[in-house]
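The entries follow in the order in which I looked things up.

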Amino acid sequence: MHNKSVAELSRELESGKISSVELTHEFLDRIKAEDRQYNSFITVTEDQALADAKTADEQRAAGKASVWTGVPFAHKDIFCTNGVATTCGSKMLANFVPPYDATVTANFRAAGAVCLGKTNMDEFAMGSSNESSFFGAVTNPWGLGNGEKRVPGGSSGGSAAAIAARLVPAATATDTGGSIRQPAALCGVTGLKPTYGRVSRYGMIAFASSLDQGGTMARTAEDNALMLNVMAGFDPKDSTCVDRAVPDYTATLNEPLKGLRIGLPKEYFSDQLSPAMEQQVRNAVKEYEKLGATVKEVSLPHAKLAIAAYYVIAPAEASANLSRFDGVRYGYRCDNPKDLNDLYTRTRAEGFGGEVKRRILVGTYALSAGYFDAYYLKAQKVRRLIQQDFVNAFNEVDVLMSPVTPSPAFVQGEKTSDPVTMYLEDVFTIAVNLAGVPAMSVPAGFVDGLPVGLQIIGNYFEEARLLNAAHQYQQVTDWHQKLPQ
Amino acid sequence: MQWDIVIGLEIHVQLATKTKIFSGSSTAFGAEPNTQASAVDLAMPGTLPVPNEQAFRYAVMFGLAVNAEIGRRSVFDRKNYFYPDLPKGYQTTQLDHPIVGPGFVDIDLEDGSSKRVRIHHAHLEEDAGKSLHEDFDGMTGIDLNRAGTPLIEIVTEPDMNSAEEAVAFAKKLHSLVSSIGICDGDMSQGSLRFDVNISLKPKGSDELGTRTETKNLNSFRFMEQAIAHEVERQMDILEDGGRIIQETRLYNGDRDESRSMRSKEEANDYRYFPCPDLLPVVIDDAFIESARDLLPELPDERKARFKEQYGLNDYDARLLSDDARIAAFFEEAVGQGKDAKLAANWVLGEFSARLNAEDKTVVQAPITGSQLGQLVARIADNTVSSSGAKKVFEALWNGDADNADAIIEAQGLKQVSDTGALEQMVDEVLAGMPDQVAQYQEEADPKKQKKMLGGFMGPLMKASKGQGNPKLFNEILVRKLGG
Amino acid sequence: MTISREDIEKVAVLARIRLDEEQIPALENDLGNILSLVDQLSAADTNNVEPLAHPLDAVQRLRADEVTETNQREAFQAIAPATESGLYLVPRVIE
């Protein structure tokens, strides 16, 4: 059962061949047996999951089941879950049990899905390797052969690893600079970052408000579509959430791709790209041509400025978003603060990890008097140029395709000595967040025995087209079905 | 050395909305601590702000009332600093694109002149919570009920040059926000808080001096005292050759002392940037017109109308039109008769004096405008004399009866105005006072003559049992005495 | 691009994060590298370009002035580090 997709499991449940309780037990047992190696879960909610599964079975018996009823999944530990620890991978929130749900959480509850637990992540979503979590690094199920442990990517490393290891068929995730797409690529799973404003951010712990977006991760495009049906939609509690009808993303998965115009941004195919990686991506593009798509070269002239702009804007917004963590109303508080200043400075020094502190300091600096114009304001202007690049490109083509990462999963510890080396992991994914357009990562092959992904970028609110393109590709390839060793 | 005083005010006005500016929590005063603090107000992780439409409506109403431009596209910014009553570690406010632009308020001064005080802008922001320092064993207790209450902060240009002007402006502003209904005006509850920026410059100089800010004055009396105190403090320093340090100060009204606030302001770089959780707020014509429709008659409009409609002079018109409730009382009084000037005299005179003596406001008065108006009508038509009227007023105030006529009847205060009867009385009294008559007629100085008339009034009032119409008596006397 | 120790200390105060002496050299290095990365921005020609604050060209929706929140003090304070009589406790603040 654990090899089945959400769509398949839903059918199994519906046929009565298995109950949700049985299914939930199977996954929980797998987590207990296997997760020690991966550390993909921070919290497993065994009792609650079984209770929810039982309720789901009762719903089914009463004829009230729908597609997600009784299907197990997991939440990235960044979504607030009422009564269940929500740590954001940080010591600062290690003891935080919110008395409220994120909107995304509430949506899955209403859909009848069974949450198995909260997945591990880079602390406060800041990272590309899931090595900064207070709860320990996550190990990629891929590449374990020679005794090396590789990173699953980040920040949604736990979700990606758990899916790849078949501990859960689907998991929610978030993407601010690539945090869904990059781990999806490194773990050989399928992930989607929706258009900014498509999914409510209420209850999704904020890193960089104008970049963060909740999204989907599973093994197949179809499953991602099923997830997005639950997650997308207007929420009056989020001012940046768009009031726009949500289509049934599964309804258009099988549209033929004939005539799909694909653009390959030349800046993403420069000589910095390794030949092996380029080969896999071009192979994938060839499959699309076989399916009837046309391909041309396009340009995103300001793409090379994306990382610089991001590493001003994201830390700046984060520096303000994380000011609320002060030991007063919830979360970690240092022992015996001797005065107010000690309370603040020691709580935050002890509660935050190194990368988080670095980014808060950079962000504070970028906003400070004398530097605001040169950094923050400048970055916002460059952001508009980058957005314009995408708008222009989409005047010529329907989707863009590119690599997701410069290389496959690297070994733990390889990039932690220099923050900037880690930042460069996001070179292909980051511009997308600055523009706010949707993008997916689809398993597209292997380099050195490790999975690599194809990035498909769409125009605003064209998630249905992306999912359709990914689904059609997955009908003629089976990269997404490969099992780690 | 002569000094010019330069004053600018920043006023925080709590808007009387039902809910907070960014959350649906109640703003009702007096609740138990932290019972009106939602997840958003507590800055719980993942929570987000959604702005209150009524706060914008009230802000636009204010802008219209002070002749200001309305910000058609306003933006919220984050002002970053750490303080326990500020849960997010930043205050959401407006910096470069506020909801209300430049405007002005005209104030009336004691000498009868009028002065224009310019408003630089007014913006919307959220209030912080409250800190309680007693009773917690070396700790401070934080109540976040108030955190998130909508405020408009009004910033004036440094156009005021004396405590009198500053207080006049403050009072006018208080009256304005109360009468247009956007604020409950209760300064004891902190609904309005004043910060005063003061600097001195050598008389006639164009260069402004260094200013200090005195924060959180919540009464007009304290404002006046604080200004006087700070002016003296600065003058002492400057005349000793010292420099004024730009700082924030707290004034203690009970002790008439001030001190510098512990480096809260100077050490802070607020790192303002537009709040990414909120989008720009666009105000269209329809919104502005609907806000305008909600505005009641403004004090300046009313004053002009009183002069025009009732023929009042500038001084009386101003005093009666400033406060909506007094104006309403006055108009009710005038409604009963035609003599607006007489009604004005009574409202501003006897009535106001009585309210002050009993520390009552007009809404607490035991008589209505109608009742006073009826009394005024009886004076105007000579039914009672002015001394009689005072007795009627007293009785009305004490609730002896609910209308003037009943009291006049009961106390027999009706004046005799029958000229025939009065003439007869004058003849009789004059006949009995031949020497005084002769003295009067021999007196050359008209002023002295006039005074002598008083001598006849006593006997005449006695003869008429106090009911003779003194005015008529006077006329008849003068005629009969001739001379 | 280097960042001075003084700037690091100033920024740490603004961000209320205590820094130990030993941490400063690594921060000088790491933050310096990050700022060098970011300095690439200065090469961009942004004349006459408006800053982009939000990816979507949308305007704010306003909420009706109706009370929607109830008293949840108990639930919220159950997870608070230090409270008394319904108030959040912090070390004495001197104004």
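Entry 1. I began with the contact of chain B and chain A: 24 residues of chain B touch 34 residues of chain A. Contact here is defined by C-beta atoms, placed from the backbone, that lie within 7 Å of each other. Nonpolar covers Ala, Val, Leu, Ile, Met, Phe, Trp, Tyr, Cys and Pro; charged covers Asp, Glu, Lys and Arg; the others, Gly among them, are polar.

Before going on I noted the ground rules. The model is predicted, with local features needing pLDDT of at least 70 and side-chain atom pairs counting only at pLDDT 80 or more, while totals for chains, interfaces and linings use all residues. Residues are numbered from 1 along each chain as its sequence is written, and chains are lettered from A and ligands numbered from 1 in the order in which they are written.

Entry 2. I then looked up chain C against chain A, where 40 residues of chain C meet 56 residues of chain A. On chain C, helices H1 (5-14), H2 (23-38) and H3 (73-77) and strand E2 each supply at least two residues of the side that touches chain A. H2(C) gives the most, 6 residues. That side of chain C holds 28 nonpolar, 6 polar and 6 charged residues. Helices (H or I, at least four residues) and strands (E, at least two) are DSSP runs, numbered from the N terminus.

Entry 3. Which strands form the open sheet that holds E2(C)? I found 4 strands in the order E7(B)-E8(B)-E2(C)-E1(C), with antiparallel pairing. Strands count as paired if DSSP finds at least two bridges between them. E7 (130-132) of chain B and E1 (83-84) of chain C are the edge strands, each pairing on one side only. Between the chains, E8(B) (residues 139-143) and E2(C) (residues 87-91) are joined by 4 bridges. I noted Met139(B) with its bridge partner Pro91(C).

Entry 4. E10(B) pairs antiparallel with E1(B) (residues 3-14) over 11 bridges, and Arg193(B) in E10(B) stands opposite His12(B). E10(B) also pairs antiparallel with E11(B) (residues 212-217), over 4 bridges; there Asn197(B) stands opposite Glu213(B).

Entry 5. Last, I checked the domains of chain B: domain 1 (3-290), domain 2 (297-411) and domain 3 (419-481). These bounds come from an automatic or database domain assignment. The C-alpha centres of domain 1 and domain 3 of chain B are 65 Å apart.

Methods. Two residues are in contact if their C-beta atoms, placed from the backbone, lie within 7 Å.
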